[in-house]
2 protein chains.
Amino acid sequence: MIGVLGGGQLGRMLTLAAARLGFDVTILEPESDSPASRVAARTLEAPYDDIEALKTLAATCDVVTFEFENVPAAVVERLETLGALAAPGKRALAIAQDRVDEKTFFQGLGILTAHFVAVDGPEVIARSLKRDEPMLLKTRREGYDGKGQTWVEGPGDAEAAWTRIGRKPAILEARVPFVRELSVIAARSRTGEIACYPVGENRHENGVLRTTVAPARISDATRVEAEAIARKTLDALDYVGVIGVELFELADGSLRVNEFAPRVHNSGHWTLDGCEVDQFEQHVRAVAGWPLGKTEALAEVEMTNLLGFEADAWKALAAEPDARVWLYGKREARAGRKMGHVNRLRPLR
Amino acid sequence: MIGVLGGGQLGRMLTLAAARLGFDVTILEPESDSPASRVAARTLEAPYDDIEALKTLAATCDVVTFEFENVPAAVVERLETLGALAAPGKRALAIAQDRVDEKTFFQGLGILTAHFVAVDGPEVIARSLKRDEPMLLKTRREGYDGKGQTWVEGPGDAEAAWTRIGRKPAILEARVPFVRELSVIAARSRTGEIACYPVGENRHENGVLRTTVAPARISDATRVEAEAIARKTLDALDYVGVIGVELFELADGSLRVNEFAPRVHNSGHWTLDGCEVDQFEQHVRAVAGWPLGKTEALAEVEMTNLLGFEADAWKALAAEPDARVWLYGKREARAGRKMGHVNRLRPLR
């Protein structure tokens, strides 16, 4: 029995992968009728910090994992106190939850990031900004899909920008003059074995991932650097499971790391149809103590998120000969909501 | 919501395929804690003819399908009376449930079968047997995996053979001098569109499928004949869903049909990792009114059933680079019980 905190589409696809390997899954999720709960053997419908639910997870699950990174650190600690095996561990979660800690962690490993400053008020923002060099202000915690962030145009915008992000502890980042957004999905097993998927090239719209094309058309040197970043990160965190590392590629092919997600990642959905062992099965293998699977690409895949009512085109998508449709079973389509995705396969070049 | 009668591994894999496309599944299954129930949105734990359960299925499911062929015809009729859409329909089930009707059906389509005689007692058996030409005696109904059948060695064995199969209405079949056992997995959509997977070559042990290798190494003529048999069968039954047609190949490459299964089929498990759209998704697409998917083989696959304690080798199997392991989550391994299967992939030749 594998426990999963979170009942969204990532939890659903983790559950399907676990089921292929003969595992049962228990989902802990506060919302009723979640996408994952409808394929899980059992659902505990409770807040993530519900002590009775955590006791049940610890008592009945061989390992507990997460479909999102904003699980309170106290929850993971409580699970471990109760005797549960949690993967990835609390250190990876804690670092991923704080953008300043995260970038500091990367710098400590000698991995280049955007230039940044920790911010606790508008004064620091105003002081850090140079004329004609807008910087990106993000809350330290809990932003995702472009939420909780804003561009600061100049020193005069500092106070307003501070208000736009809710006057919370923040990070101010220099603009990275990137030519492409890349990501590397990688896994580390209980025994320290590491496997990287081919790098993906991502395109965002309004802060939300729109498409991933993999394998990305990058130089060998860039590929090697991307993998080295993933390996260093996984080892430094003594990580178990799948990680998603978001990267910026500069014009000279060098990389800056943006952030990591301590979980399966939207930009790894292409592996569902492009690889023998997809990122969800890989995560299950890692947390369950199985050997890792092959990560080679069998096809070039373009993954496109189906947002809002775009999923209504399922019939046309299903009729495309080399398109593989995934729908998440969400009850209500709202503008911008991730309802599914489609993987379009092409022969490898 | 898709209803599935039966909660075994076929129901489980159907449910996983349905979930990928965003469907919820309700399983009707008398046994508790079945493999399919642990991935289904809802399970009705009741006998297949439980009227309340059938009412619930009819009221809540957009379509009802089956993971096995021995659903009583009365159940399907009741479902249809209650307004449910059942696929494949009751005619396919009824014919598949009676070996004499099944072979008569094939003959009516001009499809060759073994020579056979309907049998209602030991006299017919004794009268039909020639010296030194053993024949196969099978109950007309409810045999599977080699159960309910016996070889009759000669006229003197008639009475004993009749007793061995339980003194039930039976069919007596001449031996087919086959060189290979083949099967064709095919699907027909609501609009009459048909798609055939490449033919598989099957090896049985003790009446149970052991391995399937696909695409089978057969001549073009044999392949064309196999597909024609599947197409004729599907059209004649006005079938909706996936069918498995078992064939014998003779030394000259010609075919005799053995039987059909009105459902997804063990010899089609290779498609799970050998094709973009596997037989389970194909069945879901067909019964749900979706367009059918591509059936091309992307690899040569050898599927091996994991029987009894063979599934305990999961760790070694998972470590094989081109092996894909499927485990069914059954609680108890018994000798000969299908616990999972492994698909070994090789490049196409």
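Which side chain meets that of A:Arg140 in a salt bridge, and how far is it from N to O?

Modeller: A:Arg140 pairs with A:Asp101, at 3.5 Å from N to O. A salt bridge here is a side-chain nitrogen of Lys or Arg within 4 Å of a carboxyl oxygen of Asp or Glu. Side chains of opposite charge can pair when their charged atoms come close.

The model is predicted, so local features need pLDDT of at least 70 and side-chain atom pairs pLDDT 80 or more, while totals for chains, interfaces and linings use all residues. Residues are numbered from 1 along each chain as written, chains are lettered from A and ligands numbered from 1 in written order, and side-chain values use heavy atoms, without hydrogens and water.

Now the place of the pair. A:Arg140 and A:Asp101 link distant parts of the chain, 39 residues apart. A:Arg140 lies in the loop between strand S6 (135–139) and strand S7 (149–152) of chain A. A:Asp101 lies in helix H5 (residues 99–108) of chain A. Helices (H or I, at least four residues) and strands (E, at least two) are DSSP runs, numbered from the N terminus.

Buried means under 20% relative accessible area, exposed over 50%, partly exposed in between (1.4 Å probe, protein chains only).

A:Lys103 forms a salt bridge with A:Glu173, with the closest N and O atoms 2.8 Å apart. This pair, too, links distant parts of the chain: A:Lys103 is in helix H5, A:Glu173 in strand S8 (residues 170–174), 70 residues apart. Both A:Glu173 and A:Lys103 are buried.

For a pair within one helix, look at helix H2 (residues 51–60) of chain A. A:Lys55 and A:Glu52 both lie there, 3 residues apart, about one turn of the helix. The closest N and O atoms of their salt bridge are 3.8 Å apart. A:Lys55 is partly exposed, because its relative accessibility is 40%.

Now the whole structure. The search finds 73 salt bridges over all chains. Across the interface of chain A and chain B there are 8. One salt bridge joins A:Arg331 to B:Asp24, the closest N and O atoms being 2.9 Å apart. There is also a network of salt bridges. It links A:Arg20, A:Asp278, A:Glu281, A:Arg285, B:Asp273 and B:Arg324.

What does the contact of the two chains take? It takes 34 residues from chain A and 33 from chain B (contact: heavy atoms within 4.5 Å). The two chains bury about 3,000 Å² between them, with 51% of it on carbon and sulfur atoms. In chain A, the residues that lose the most area to chain B are A:Arg20, A:Glu276 and A:Arg324, together 20% of what that side buries. Buried area is the accessible area (1.4 Å probe) that two parts lose on being put together, summed over both.

A:Arg20 and A:Asp278 turn up again in the lining of the largest cavity. Cavities of 30 Å³ or more number 6, and the largest has a volume of about 70 Å³. A cavity is a set of points on a 1 Å grid over the protein atoms alone where a 1.4 Å probe fits but cannot get out; lining residues have an atom within 4 Å of a point. Points are joined across faces, edges and corners, and a volume is the space filled by probe spheres set on them.

Both chains line the largest cavity, with B:Leu16 and B:Arg20 among the residues. Helix H1 (9–20) of chain A and helix H1 (9–20) of chain B each supply at least two residues of this lining. H1(A) gives the most, with 4 residues. The lining divides into 7 nonpolar, no polar and 3 charged residues. Ala, Val, Leu, Ile, Met, Phe, Trp, Tyr, Cys and Pro count as nonpolar, Asp, Glu, Lys and Arg as charged, and the others, Gly among them, as polar.

Definitions and conventions
1 Å grid on protein atoms, 1.4 Å probe; cavity = no way out; pocket = protein on both sides within 12 Å on 5 of 7 lines; lining within 4 Å.
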